[in-house]
Amino acid sequence: MIHFQNVSKRYERGGDALKNVNLHVESGEMVFLTGHSGAGKSTLLRLLSLVERATRGQVIVGGKNLSEIKRSQIPHYRRNLGIVFQSPRLLTDRTVFDNVALPLVIAGHGHKEITRRVRAALDLVGLLGKERAQPIALSGGEQQRVGIARAVVHRPPIVLADEPTGNLDPVLSLEIMTLFERFQQFGVTALIVTHDLELLGHFAHRILSLRDGMFKHA
Amino acid sequence: MPDRSFRAEQSVSIKTRARFQGGTWLLRHLHALVFSFGQLVRQPANTILSASVIGIALTLPMSLFVLLDNVKMLTHSWEGGAQLSLYLHQGLADTHQQRLIDELHVMAEIERVLVITPAQALEEYQQLTGFDSLGAALGDENPLPGVLVLFLGDGQSTLETVDELVGELARRPEVELVQSDLQWIERLHTMVDVVQRGIGIVAVLFGFGVLLIIGNTIRMGIQNRHDEIEITKLVGATDAFIRRPFLYSGFWYGLLGAAIAWILVASSFHFLAEPVRELATLYNSEFRLAGASVDSVLTLLGAGASLGLAGSWFAVNRQLRLFNTV
């Protein structure tokens, strides 16, 4: 599902973020990506979400070479992704329901379909009763789960998460990671960036480590 | 186990063409229209402040245009029933004169013909000047020509018809001279044209000002929603999707501003109506100050809304370019 072939990313200021990286993630696989800050984890995610383009090499997602995607096609490509951020980044002037509905509204789904899917996604993260709540009234863990519901509501084949447990305590972190594991059972390919090595001990998924823009092969 | 319907859609697709179903498209625009209005309503103080600035900027050109309309109406009422004086050649035979009068009667523009014979003219002149003995002094020689005074129909008193008529009549062999009383109205018309052009320039300047005000308001709105736009882009929003609510905000600002301008103009004219009536009465005139016509109000609202759309269009496109990296 995700292939990196000899991918390098050089920033004009700040040097090489990724150096000749090769990566292969199978469809339906869940992979953890670790490494100290500045190792290139975020850059890798930025290349996948087409916030940045690779300087060299090929990034291929679902058989599609990302270098062939034109700027005008980027929004449509991104609808295949579910992105979870470190802070949930909810829109504070809208209800939980409206936040989760955003990707469906953007994709132009009908009202009925939106209601059905939003409720399914909220049910999945255990927040079905909080549809009408304002995000600000929720706890940190609940907010993050709303963010996750928003990332998967349009049933993307790929979920990218950038330190999704970065702001949470160990119990909540485990809960969130278990949630991602459940998506994997539904056929989602998940790439999760985290530096919480202790947490990873609970899971039996592939762990990739980046150091100075290169994979450290264990 | 949670809802089994929750299954990832396996293939990665890149639709090159957005779904363009008429109904969906209209619904999205309607949604953005209502949504952007709701956003403005939720911040009433800000909205009224911004709309008032736009409204005041639109008030000056609008009130000048309405004043100009009043002036035009005033001059138009003076145009009604214009007169032409036809000075006939000396010694024109009566039969010729009668034939000319008959022909004039047939012409559509002319409502009435008053004949002043040389004798009548002399009599009138004597009365006016008090030279009672003038007739006796002149003997049989009356130096005054016969005059035909033509009264034009109400709809026929425009400058064009009068000019045309003057040219046509002057060419006739029986006629020595044609005089119209419309020359000063022509001067007034030219003056009104000059003023109208001046007001046009003022309107363009203020319109440009409104464009900048709305552009700046929208620009600040976009900057306040920086985070929201970034997130929306990351979940796959097209530029058009992001642009839409801002465009409609601009539309609402422009429309609200125009409505405020309308209220300001209407109240100013209401305030002026009584003194103007009194002034007109002192000049024995029935003139009444007229407020903005339906046409000009619609034009004002249309102009406000269009300026709003245009201003936000420029602002949004400029600002969205800054998001290109995301």
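## A negative patch on chain B

In this predicted model, helix H6 of chain B, residues 159-170, supplies the largest share of a negative patch, namely four residues. The patch lies on the surface and gathers Glu160(B), Asp163(B), Glu164(B), Glu168(B) and Glu186(B).

Glu160(B), which is found in helix H6 of chain B, has a relative accessibility of 57% and therefore counts as exposed, since the cut-off for that class is over 50%.

## A nonpolar patch and the make-up of chain B

Chain B also carries a nonpolar surface patch of about 420 Å², made by Leu279(B), Leu282(B) and Tyr283(B). Of these residues, Leu282(B) lies in helix H9 of chain B, which spans residues 239-282, and with a relative accessible area of 70% Leu282(B) is exposed.

Chain B as a whole has 10 helices and four strands, and their order along the sequence reads α-α-β-α-β-α-α-β-α-β-α-α-α-α. Of the 326 residues in chain B, 38% are buried.

## Strand S7 of chain A and its neighbours

Strand S7 of chain A, residues 158-162, is mostly covered, with four of its five residues buried. Strand S7(A) pairs in the parallel sense with strand S6 of chain A, residues 81-84, over four bridges, and S7(A) also runs parallel to strand S8 of chain A, residues 189-193, to which five bridges join it.

Val159(A) can be followed through both pairings: this residue of S7(A) is the bridge partner of Gly82(A), while in S8(A) the bridge partner of Val159(A) is Ala190(A). As a general point, the side chains in a regular strand alternate between the two faces of the sheet.

## Salt bridges between and within the chains

Side chains of opposite charge can pair when their charged atoms come close. Over all chains, the structure holds 20 salt bridges. One of them joins Arg89(A) to Glu230(B), with the closest N and O atoms 2.8 Å apart. This pair crosses between chains, from the loop between S6 and helix H3 (96-107) of chain A, where Arg89(A) is located, to helix H8 of chain B (residues 226-234), which holds Glu230(B). Arg89(A) is buried, at a relative accessible area of 18%, and Glu230(B) is likewise buried, at 19%; these values place each residue in the buried class because that class covers relative areas under 20%.

Within chain A, Glu113(A) forms a salt bridge with Arg117(A), and here the closest N and O atoms are 2.9 Å apart. Because Glu113(A) and Arg117(A) are four residues apart in helix H4 of chain A (residues 111-124), about one helical turn separates them. Glu113(A) counts as partly exposed at 24% relative accessibility, whereas Arg117(A), at 8%, counts as buried.

In chain B, the side chains of Glu103(B) and Arg172(B) meet in a salt bridge, with an N to O distance of 2.8 Å. Glu103(B) lies in helix H3 of chain B (residues 94-106) and Arg172(B) in the loop between H6 and strand S4 (175-180) of chain B, so this pair ties together parts that are 69 residues apart in sequence. Glu103(B) is partly exposed, with a relative accessible area of 33%, and Arg172(B) is partly exposed as well, at 23%.

Salt bridges that share partners also join Asp93(A), Arg94(A), Arg225(B) and Glu228(B) into one network.

## Positive phi angles in chain A

Most residues other than glycine have a negative phi. Asn6(A), although it is not a glycine, has a positive phi of about 50°. Asn6(A) has its place in strand S1 of chain A, residues 2-11, and is partly exposed, with a relative accessible area of 40%.

Arg155(A), again not a glycine, also has a positive phi of about 50°. The setting of Arg155(A) is the loop between helix H5 (140-152) and S7 of chain A, and at 13% relative accessibility Arg155(A) counts as buried.

Notes: Residues numbered from 1 in each chain as written. Chains lettered and ligands numbered in written order. Predicted model: local features only at pLDDT ≥ 70, side-chain atom pairs only at ≥ 80, totals over all residues. Heavy atoms only, no water. Patch = residues over 30% accessible without salt bridge, like charges linked within 9 Å, V, L, I, M, F, W, Y side chains within 5 Å. Areas by Shrake-Rupley, 256 points an atom, 1.4 Å probe, with all protein chains shown as cover. Salt bridge = Lys/Arg side-chain N within 4 Å of Asp/Glu carboxyl O. Lys, Arg positive; Asp, Glu negative; His and termini not counted. Charge placed at Lys NZ, Arg CZ, Asp CG, Glu CD. Helix = DSSP H or I, 4+ residues; strand = E, 2+ residues; numbered from the N terminus. Buried < 20%, exposed > 50% of the residue type's maximum accessible area, 1.4 Å probe, protein only. Pairing = 2+ DSSP bridges.
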